[in-house]
Amino acid sequence: MNALETVHTYFDALTAGDARQLIDLMSQEPYYVKIGTDKNEHIEGGQNAPDYYCLHTASTEDFTIAFDHLDVQERDTVAWFYTRQTWRLKWQGVEEKLAMRMTGVLEKEATTWKFVQIHASLGVSP
């Protein structure tokens, strides 16, 4: 997969609740970072990604993502993305509609693209 396909695979796995696929896309390097929108939602170190994604997928239902914009750039062994999206989901039993903005960095490990950084923030409500 190229970087664009890897980013799409991430969002497909997120909406499908596929924790195994999400974990496989994350780098296990100690410099891996995931910053989410909740007060204490930050993961440092790839070894901590599995617990996060297992909890996330177990707490989420009826998840859809509408892309307002997606740009993925790939250069040699590094790639990055920026996206604006509208998320509709049931999070821990509560229905939500969120304007999401996300950026991330991927690194090529051997022949596979892996996420090394993901940052999410909330935009203005759609």
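1. Start with D76: D76 is exposed, with a relative accessible area of 71% (exposed means over 50%, buried under 20%, partly exposed in between, using a 1.4 Å probe and protein chains only). You'll find D76 in the loop between β3 and β4, and its phi is positive, about 45 degrees, although D76 is not a glycine.

2. A quick word on what you're looking at. This is a predicted model, where local features need pLDDT of at least 70 and side-chain atom pairs count only at pLDDT 80 or more, while totals for chains, interfaces and linings use all residues. Residues are numbered from 1 along each chain as its sequence is written, and side-chain values use heavy atoms, leaving out hydrogens and water.

3. D62 has a positive phi too, near 50 degrees, and isn't a glycine either. D62 sits in strand β3 and is exposed, at 58% relative accessible area.

4. Now the sheet. Six strands make an open, mixed sheet in the order β2-β1-β6-β5-β4-β3 (helices, H or I of at least four residues, and strands, E of at least two, are DSSP runs numbered from the N terminus; two strands pair if DSSP finds at least two bridges between them). The edges are β2 (42-44) and β3 (60-75): each has a single partner strand, so one side of each is left without a neighbour in the sheet. From one strand to the next, the twist averages 20 degrees.

5. Have a look at β3 beside β4 (residues 78-91): they run antiparallel and are joined by 13 bridges. H69 stands opposite R84 in β4.

6. Two helices pack on this sheet. Helix α1 (residues 3-16) touches β1, β3, β4, β5 and β6, and its direction makes about 170 degrees with that of β3. Helix α3 (residues 49-58) touches β1, β2, β3, β4 and β6, at about 135 degrees to β3. (Contact means heavy atoms within 4.5 Å; axes are lines fitted to C-alpha atoms, for helices over the stretch in contact, with angles from 0 to 180 degrees between N-to-C directions.)

7. Which residues do ring pairs link into a cluster? They are Y10, F11, Y52, Y53, F67, F81 and F115. (Rings of Phe, Tyr and Trp, the latter by its six-membered ring, pair if their centres lie within 6.5 Å; planes under 30 degrees apart are stacked, over 60 edge-to-face, the rest tilted.)

8. The whole structure has eight aromatic pairs. The F11 and F81 rings have centres 6.2 Å apart and planes at 85 degrees, so they're edge-to-face. F11 is in helix α1 and F81 in strand β4, so this pair ties together parts 70 residues apart in sequence. Both F11 and F81 are buried.
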